Amino acid sequence: MIICIFLGIANALDLTDRILPRLQASSSCQPVLINFPPYTTSQITDIIKNRLQQDSVLEPAAISFCARKISAVAGDARKALDVCHRAIELVESDVRGQKVLKPADCNSPTKRHQTPMKKVTVMHISKIMSEVYSSSVNSADGSEHALPLQQKLAICSLLLLVKSGKFKEVLLGKLHETYSNVCKRQQIVPVDQSEFHSVLTLLDSRGIINMKKAKETRLNKISLKLDEHELEQMLKDKTLMAAILSDKIPK
């Protein structure tokens, strides 16, 4: 008898559901999922510092700011390093575009050598974050970081409840009820509460929502972690999401 063992690594826990749905048909073939949590702020800070040389071109405050922002959105070290790389390129571009020395100083070797090196500041990191990583849901369709439909529907349902002004924290059972009604109104098949809990777990790991666990799953408290107005504007770029968000809470 030949036994084959397959190992897969993905950024999302729903990879097997989307790519290999037939594995769910047999209990003997169901994959074992191991969830590796996103990097924390301190871990991302250490990774950035380890990648930089001793004479860092990034100010300590800039490193700390980048680590906090990335850990709140996704906890992806690759994003943090990409932000730092882009910020360094931004500073290099600024330096090339400036006249460091005045014409009268050009013949002074001493002054040329005394020109201080320009460093990446919090402002540079903030500029890159706002331009490229302003939201974890502003990626275009087909991007590796784009949110699946069920996750977007869950966010829209939570936004509807928060916008009503009555809720800041929503019980999972109440959120699933609203989500189910949203799906029915849009003629989309909703997932059951167990699968919905998995959807929310993924959103929690991305840093988009916060889920406080209770003894019973339906009593878990769900709240937004990102700015609700930013999320709403990003989701409104899609026709279906815009229609959901412009409507009232379905009953």
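Accessible area is taken here from the Shrake-Rupley method with a 1.4 Å probe. By that method, this predicted model exposes about 16,100 Å² over its chain, and carbon and sulfur atoms supply 53% of that area.

Begin with the whole chain selected. Of its 251 residues, 35% count as buried. Among contacts with a sequence separation of 6 or more, 63% are accounted for by residues 24 or more positions apart.

Next, colour the chain by secondary structure. Traced along the sequence, the elements run α-α-α-α-α-α-α-β-α-α-β-β-α-α.

Now select residues 41-51, which form helix α2, together with residues 77-96, which form helix α4. Two packed helices are described by the angle between their axes and the distance between the axes. For α2 and α4, the angle is about 50 degrees and the axes lie 10 Å apart. Helix α2 is therefore oblique to α4, and the crossing of the two is right-handed.

To see how this contact is built, display the side chains on each helix in turn. On α2, select Ile 44, Ile 47, Ile 48 and Arg 51. On α4, the partners to select are Ala 77, Ala 80, Leu 81 and Cys 84.

Finally, colour these residues by class. Which classes make up the contact of α2 with α4? Seven residues are nonpolar, one is charged and none is polar.

Notes:
Residues numbered from 1 in each chain as written. Predicted model: local features only at pLDDT ≥ 70, side-chain atom pairs only at ≥ 80, totals over all residues. Heavy atoms only, no water. Helix = DSSP H or I, 4+ residues; strand = E, 2+ residues; numbered from the N terminus. Buried < 20%, exposed > 50% of the residue type's maximum accessible area, 1.4 Å probe, protein only. Contact = heavy atoms within 4.5 Å. Axes fitted to C-alpha atoms, helices over the stretch in contact; angles between N-to-C directions. Parallel < 35°, antiparallel > 145°, perpendicular 65-115°, else oblique. Left-handed = near helix turned anticlockwise from the far one by under 90°. Nonpolar A, V, L, I, M, F, W, Y, C, P; charged D, E, K, R; others polar.
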